[in-house]
Amino acid sequence: MYSFLVTVEFEDVDSYGILHHPKVLYYFERARVHFFLDNGLDLTNLKFGVVLRNVSIQYKTPLLFMDSVTVEIKSK
């Protein structure tokens, strides 16, 4: 399993300090890119890129401004 730490920044939250839900996908994508880079894949010369097949999100608790969250990636 690959883990990537993300901090909820000011531009990611609404006026209540709660993370905008679509930003979670940005965090996933950032972690996914770093997963490939940290495992030696050169993303600059891929013919078709790296296709994302499926995303599943279950919100358990809101993320707030300056929270740290770990995105975990499991490959099959």
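This is a predicted model: local features need pLDDT of at least 70, side-chain atom pairs count only at pLDDT 80 or more; totals for chains, interfaces and linings use all residues.

Reader: What makes Glu 29 and Arg 32 a salt bridge?

Author: The closest N and O atoms of Glu 29 and Arg 32 are 3.0 Å apart. A salt bridge needs a side-chain nitrogen of Lys or Arg within 4 Å of a carboxyl oxygen of Asp or Glu, so this pair qualifies. Their side chains also make a polar contact at 3.0 Å, where the limit is 3.5 Å.

Reader: Where do Glu 29 and Arg 32 lie?

Author: Both sit in helix α1, three residues apart, which is about one turn of the helix.

Reader: And is Arg 32 buried or exposed, and how do you know?

Author: Arg 32 has a relative accessible area of 16%. The cut-off for buried is under 20%, so Arg 32 counts as buried. Leaving aside neighbours within four places in sequence, Arg 32 is in contact with Val 50, Val 51, Leu 52 and Ile 73.

Reader: How many salt bridges does the structure hold?

Author: There are two. Besides Glu 29 with Arg 32, Asp 12 forms a salt bridge with Lys 23.

Reader: How do you know that Asp 12 and Lys 23 form a salt bridge?

Author: Their closest N and O atoms are 3.4 Å apart. Since the cut-off is 4 Å, the pair passes the test. The bridge links distant parts of the chain, with Asp 12 in the loop between β1 and α1 and Lys 23 in helix α1, 11 residues apart.

Reader: Why is Asp 12 called buried?

Author: The relative accessibility of Asp 12 is 5%.

Reader: What makes the pairing of Asp 12 with Tyr 27 a polar contact?

Author: The side chains of Asp 12 and Tyr 27 come to 2.5 Å. A polar contact requires N or O atoms within 3.5 Å, one able to donate a hydrogen and the other to accept it, so the contact counts. A polar contact of 3.4 Å also joins the side chains of Asp 12 and Lys 23. Not counting residues up to four places away, Asp 12 touches Thr 7, Ile 18, Leu 19 and His 20 as well as Lys 23 and Tyr 27.

Reader: Which residues touch the most other members of the largest nonpolar core?

Author: Val 6, Val 8, Leu 19 and Tyr 27 do, out of 15 residues in that core. At least two residues come from each of β1, α1 and β2, and the largest share, five residues, is from α1. Leu 19 is in contact with Val 8, Val 13, Val 24, Tyr 27 and Leu 63, among others beyond four places in sequence. In soluble globular proteins, nonpolar side chains tend to be buried together.

Reader: Which residues form the nonpolar patch on the surface?

Author: Leu 25, Phe 28, Leu 52, Val 55, Ile 57 and Tyr 59 form the patch, with about 490 Å² of accessible area together. Phe 28 lies in helix α1.

Reader: Why is Phe 28 called partly exposed?

Author: Phe 28 has 30% relative accessibility.

How values were computed: Residues are numbered from 1 along each chain as its sequence is written. Side-chain values use heavy atoms; hydrogens and water are left out. Patches are made of residues with over 30% relative accessible area and no salt bridge: like charges are joined within 9 Å, nonpolar side chains (Val, Leu, Ile, Met, Phe, Trp, Tyr) within 5 Å. Accessible areas come from the Shrake-Rupley method with a 1.4 Å probe; for residues, only the protein chains shown count as cover. Helices (H or I, at least four residues) and strands (E, at least two) are DSSP runs, numbered from the N terminus. Buried means under 20% relative accessible area, exposed over 50%, partly exposed in between (1.4 Å probe, protein chains only). Contact means heavy atoms within 4.5 Å. A nonpolar core is a set of buried Ala, Val, Leu, Ile, Met, Phe, Trp, Tyr and Cys residues joined through side-chain atoms within 4.5 Å.
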